[in-house]
Amino acid sequence: MRLAFERFIGLPLSRWLGVRDQTRRQVKPNATLEKHFLTEGHRPKEPQLSLLAAQCGLTLQQTQRWFRRRRNQDRPQLTKKFCEASWRFLFYLSSFVGGLSVLYHESWLWAPVMCWDRYPNQTLKPSLYWWYLLELGFYLSLLIRLPFDVKRKDFKEQVIHHFVAVILMTFSYSANLLRIGSLVLLLHDSSDYLLEACKMVNYMQYQQVCDALFLIFSFVFFYTRLVLFPTQILYTTYYESISNRGPFFGYYFFNGLLMLLQLLHVFWSCLILRMLYSFMKKGQMEKDIRSDVEESDSSEEAAAAQEPLQLKNGAAGGPRPAPTDGPRSRVAGRLTNRHTTAT
């Protein structure tokens, strides 16, 4: 479904909304540099760059430019990012609306302590069953697609989050903890679709709309993940679940995974706060700090021109101006005067 959506809906939609890929300069084939890029690393240090430049008969600046353009080739294009964000936006929005309609008339949505009423002898409604399995299937698909999706700087945290989500849903379904599990899912879906919408608008370069959406997302994220989750979900699973009975099967395992999920919430909250601080300081939202920004030739070349490389002995890379006094300058002046008189 995702592949069909991205090809027949997401890609045409991105073009219709004006999302365009940047033109990238292709690197010239170079076996030595390509081998180092694939085996040793994408960002060689200056001594390694100098050695590679000598081996290939290139200048240091040409070698730096080759690695810069080669890194850009591996970065995903904007249309790929837009298709991925639009697919997740569609699912998270549909899941949030569907989950809200399923749980709206249930007592445990408004009073989480009811999740433990007559537990574990609780009936499972078909609507909750299908919604739960749909969420489980989606997070399994995220795990399968991790090697092919856009990799961000919090890639490891995303892997941990997806694994924890799949294990929690599988365990809660097996132990008939679907009531509390459904609250966790609904709480997460309430802000996820706002983040994906913010990404889509950012790729469309509507900066003001992106800023407004990000502020709304930040408020919803902080309220649901840092207020409701610990005070309602964690409180009822840690304390209210054992107030009238002993710990349920897997009590410590289940609560340990929920606490790990909360630690991930704190980590992402710190990233959001950094972006909000930058927004308050500059008056404009910067790019997602989790994203890998594309490098340009002009920016680095200008920086290299302004800051010449320092040699190991402390001398600057460029030529120094000749001194205006001293024996050498006086001899040069006399020779110049004699040559002018003879002429």
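Guide: Two packed helices are described by the angle between their axes and the distance between the axes. For helix 1, which covers residues 2–16, and helix 5, which covers residues 78–103, the axes come within 9 Å and cross at roughly 115°. The crossing of helix 1 past helix 5 is right-handed.

Now for the side of helix 1: R2, F5, E6, G10, L11, L13 and S14 make the contact. Across from them, helix 5 brings T79, F82, C83, E84, S86, W87 and L90. Sorted by class, this contact holds 7 nonpolar, 4 polar and 3 charged residues.

Stepping back, the pair belongs to a protein chain with 13 helices and 0 strands. The chain has 343 residues, and 42% of them count as buried. Among contacts with a separation of 6 or more, 78% link residues 24 or more positions apart.

A word on confidence before you zoom in elsewhere. The average pLDDT of the chain is 81, and 82% of the residues score at least 70. Over residues 298–343, however, pLDDT stays under 50, and the model has 16 contacts beyond four places in sequence for that stretch. Where pLDDT is low, the predicted coordinates should not be read in detail.

Technical notes. Residues numbered from 1 in each chain as written. Predicted model: local features only at pLDDT ≥ 70, side-chain atom pairs only at ≥ 80, totals over all residues. Heavy atoms only, no water. Axes fitted to C-alpha atoms, helices over the stretch in contact; angles between N-to-C directions. Helix = DSSP H or I, 4+ residues; strand = E, 2+ residues; numbered from the N terminus. Left-handed = near helix turned anticlockwise from the far one by under 90°. Contact = heavy atoms within 4.5 Å. Nonpolar A, V, L, I, M, F, W, Y, C, P; charged D, E, K, R; others polar. Buried < 20%, exposed > 50% of the residue type's maximum accessible area, 1.4 Å probe, protein only. pLDDT = per-residue confidence, 0-100.
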